[in-house]
Amino acid sequence: MAGNEESESGRFAALILARGGSKGIPLKNIKTLAGQPLIAWTLRAAVDSGEFDSVWVSTDHDEIARIAEEWGAKIHRRSPHSARDQATSIEAVQEFLNENPEVTQVGQIQCTSPCLHPFHLQLAGHMMKNLGYDSVFSVTRRHLFRWTEVSKDDEKGTSPENLNPAKRPRRQDWPGELYENGSFYFATRELLMQGLFQGGKVGYCEMHPEYSVDIDTDIDWPIAEQRVIKYGYFGKTKPQGVKLVVFASDGVLIDNQINFTAKGEEFRSFNLSDSIGIKMLKDKGVKIRIISQVKDATTVNLANRIDVTLATESKGKLALLDTWRRELELEWSQVAFMGCDHMDLDCMKTVGIGGAPADAQKDIVTTSRFVAKKTGGQGAVREFCDHLLLVMEKAKSAAESQLIN
């Protein structure tokens with residue numbers, strides 16, 4: 001993100017509206033999508049685009065504010081008036097502008113568009129800053145024939161709007177039509193204070209269909225999740241990817257339950273699919289480590305079974321991670337860690353990618369860059385391994401693309 005200095009064109013702010021009172025999907029803006037809060041997908045794209053002097057989230061909800069700050073945003077506290085159910089987006093944007101008089105241009109980004117990439121925002125920013133546009137918005141192209149409904153005497157008829165039925169064009173011979181996809185609206189202060197998102201010299205940024213994702217109802221969620229996994233922006237992962245992955249033992253690899261037999265013998269459980277995920281990482285050359293509070297028989301047997309190094313946190317988890325990192329000559333961005341409780345927080349905030357089981361403590365979940373759907377000892381590790389493999393594959397593809405270009 002750019003610094004706080006005044007640019008030649010004034011202050012350019014990204015603004016994400018994230019009201020806490022969503023009716024369709026409660027607290028939709030921070031519901032987990034593909035392991036991360038929904039709002040994180042657009043925040044990361046906005047921050048990494050480098051187009052904005054500041055990135056803001058306008059919200060009336062404490063938890064949304066807390067998560068937004070963790071992902072690099074400043075917080076604009078939305079008033080009850082602009083947060084009411086009947087309030088419009090333009091009201092919320094105008095309220096933000098009234099409280100931030102230095103802002104001259106706003107990139108209003110839709111929280112529910114998780115396949116947004118930095119390059120989309122960079123193009124729109126370039127048009128506003130360098131090409132003299134007063135407003136720029138996102139569109140997608142559709143090749144759909146439209147018909148107008150004509151009803152008469154209880155009969156349902158129709159007439160064509162954008163085609164001649166006698167000369168139906170082939171898809172490849174017809175450019176199609178542009179539709180707003182709602183991902184973002186950039187505009188000057190002057191237009192916005194007039195109640196307009198579009199006006200003056202108007203431009204558009206076309207987003208290909210794979211990026212044009214919008215979540216409105218529950219039925220959209222699983223479809224959006226699959227699209228995000230394939231087409232979403234996972235951040236500035238370096239081409240070398242993750243080289244060291246460290247798991248806390250209790251509550252991550254082993255569940256938080258302690259069970260006793262009739263004879264008083266203690267036993268705990270481990271998920272077999274977790275070991276498969278760990279093996280997949282090892283096959284990619286990734287080093288695996290386990291940190292345990294104590295070297296009990298269960299943890300030792302588990303480490304031996306999956307053939308990984310086990311250590312206790314006698315001198316602190318972060319210090320131990322740093323020792324391993326230095327031994328392997330890695331940057332922190334090449335280290336991933338999965339934890340579940342408050343003693344893991346420093347590690348989560350330091351490594352490149354932090355992960356958490358679904359039942360992790362609240363502050364761990366907030367700080368994590370990936371939250372599993374499953375709990376510790378019940379497949380959460382496998383989900384994190386799959387996520388890391390996906391991030392590594394995307395980083396590799398990006399590096400290969402740069403070499404080709």
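View 1. With a relative accessibility of 33%, Asp386 counts as partly exposed, and its salt-bridge partner is Arg382, the closest N and O atoms being 3.2 Å apart. Arg382 is likewise partly exposed, at a relative accessible area of 22%. Both residues belong to helix α12 (residues 380-404), where they are 4 residues apart, about one turn of the helix. The model shown in this and the following views is a predicted one.

**View 2. The salt bridge between Arg146 and Glu161.** The closest N and O atoms of Arg146 and Glu161 are 2.3 Å apart, and the two residues form a salt bridge. Arg146 is placed in the loop between β7 (135-142) and β8 (147-152), whereas Glu161 is placed in the loop between β9 (155-160) and β10 (177-188), so the pair ties together parts that are 15 residues apart in sequence. Arg146 counts as partly exposed, at 29% relative accessibility, and Glu161 is partly exposed as well, with a relative accessible area of 43%. Elsewhere in the predicted model, Glu63, Arg66 and Lys362 are linked in a network of salt bridges, and the count of salt bridges comes to 17.

**View 3. The buried and exposed faces of helix α9.** Helix α9 (residues 317-327) has Lys317, Leu320, Leu321, Trp324 and Arg325 as its buried residues. Seen down the axis of α9, these buried residues fall within an arc of 140°, so they line one face of the helix. On the face of α9 that is turned away from the buried side lie the exposed residues Arg326 and Glu327. The partners against which the buried residues of α9 pack are the strands β12 (244-248), β15 (287-292), β16 (309-312) and β17 (335-338), together with the helix α10 (345-350).

View 4. Asp322 and Arg325 form a salt bridge in which the closest N and O atoms are 2.8 Å apart. Both residues lie in helix α9, at a separation of 3 residues, about one turn of the helix. Arg325 has a relative accessibility of 12%, and because buried means under 20% relative accessible area, Arg325 counts as buried.

View 5. Just after α9, Glu329 takes a positive phi of about 55°, a positive value in a residue other than glycine. Glu329 has its place in the loop between α9 and β17, and is exposed, with a relative accessible area of 72%. For Asp307, also a residue other than glycine, phi is positive and near 55°. Asp307 is found in the loop between α8 (297-306) and β16, and is exposed, its relative accessible area being 60%.

**View 6. Val57 in the largest nonpolar core.** In soluble globular proteins, nonpolar side chains tend to be buried together. The largest nonpolar core of this predicted model has 95 residues, and those with the most contacts inside this core are Ile39, Val57, Val245 and Phe247. When residues up to four places away in sequence are not counted, Val57 touches Ile16, Ala18, Ile39, Leu43, Ile64, Ala68, Ala73, Lys74, Ile75 and His76.

**View 7. The packing of helix α3.** The buried residues of helix α3 (residues 89-99) are Ile90, Ala92, Val93, Gln94, Glu95, Phe96 and Leu97. The buried residues of α3 pack against the strands β1 (11-17), β4 (54-59), β5 (74-77) and β6 (103-109), and against the helix α5 (189-193).

View 8. Leu272, Ile276 and Met280 make a nonpolar surface patch of about 260 Å². Of these residues, Ile276 is found in helix α7 (residues 272-283), and at 42% relative accessibility Ile276 counts as partly exposed.

Definitions and conventions:
Residues numbered from 1 in each chain as written. Predicted model: local features only at pLDDT ≥ 70, side-chain atom pairs only at ≥ 80, totals over all residues. Heavy atoms only, no water. Buried < 20%, exposed > 50% of the residue type's maximum accessible area, 1.4 Å probe, protein only. Helix = DSSP H or I, 4+ residues; strand = E, 2+ residues; numbered from the N terminus. Arc of directions from axis to C-beta. Contact = heavy atoms within 4.5 Å. Salt bridge = Lys/Arg side-chain N within 4 Å of Asp/Glu carboxyl O. Core = buried A, V, L, I, M, F, W, Y, C linked by side-chain atoms within 4.5 Å. Patch = residues over 30% accessible without salt bridge, like charges linked within 9 Å, V, L, I, M, F, W, Y side chains within 5 Å. Areas by Shrake-Rupley, 256 points an atom, 1.4 Å probe, with all protein chains shown as cover.
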